[in-house]
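Look at the sequence and the model below before reading on.

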Amino acid sequence: MISPLDKKSMFYFVESWWFHLLAAMVICGNTVSIVLEADEVSQELLAKLYWVDQASLIFYVLELFCRACFWKKRLLCGT
């Protein structure tokens, strides 16, 4: 549950609709890149997909960091 004090946090954006939409788009894009990598594709495409995977990983790490900063110990332990 989000308290009024939580709404003052600079990491409150992680609970906004647009951030959830962005995360969903990254997940979908990552899924597509994984499927493309599973098919036999050219080395050139694999090289490009490598960087897509790295960008997805960076987003996931930053998302986890921001969520951990927002939720603090409630992220793992609940309320």
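Which residues make up the largest nonpolar core? In this predicted model, that core has nine residues: F11, V14, F19, A23, V26, F59, C66, F70 and W71. Helices α1 and α2 each supply at least two residues of the core. The most comes from α2, which gives four residues.

Helix α1 covers residues 17-38.

The buried residues of α1 include F19, A23, V26, N30 and S33. These cover an arc of only 85 degrees around the helix axis, which means that they sit on the same side of α1. An α-helix has 3.6 residues a turn, so residues three or four places apart point the same way. On the other side of α1, W17 and M25 are exposed.

What lies over the buried residues of α1? The cover includes α2, residues 43-71. A23 gives one example from the buried set: leaving aside neighbours within four places in sequence, A23 is in contact with F59 and E63. Of these residues, A23 and F59 are among the members of the nonpolar core.

The segment before α1 holds S3. Is S3 buried, exposed or partly exposed? S3 has a relative accessible area of 28%, and is therefore partly exposed, since buried means under 20% and exposed over 50%. S3 and E63 are 60 residues apart along the chain, and their C-alpha atoms are separated by 21 Å.

Note on methods
Residues numbered from 1 in each chain as written. Predicted model: local features only at pLDDT ≥ 70, side-chain atom pairs only at ≥ 80, totals over all residues. Heavy atoms only, no water. Expected span 1.5 Å × (residues − 1). Buried < 20%, exposed > 50% of the residue type's maximum accessible area, 1.4 Å probe, protein only. Arc of directions from axis to C-beta. Contact = heavy atoms within 4.5 Å. Core = buried A, V, L, I, M, F, W, Y, C linked by side-chain atoms within 4.5 Å.
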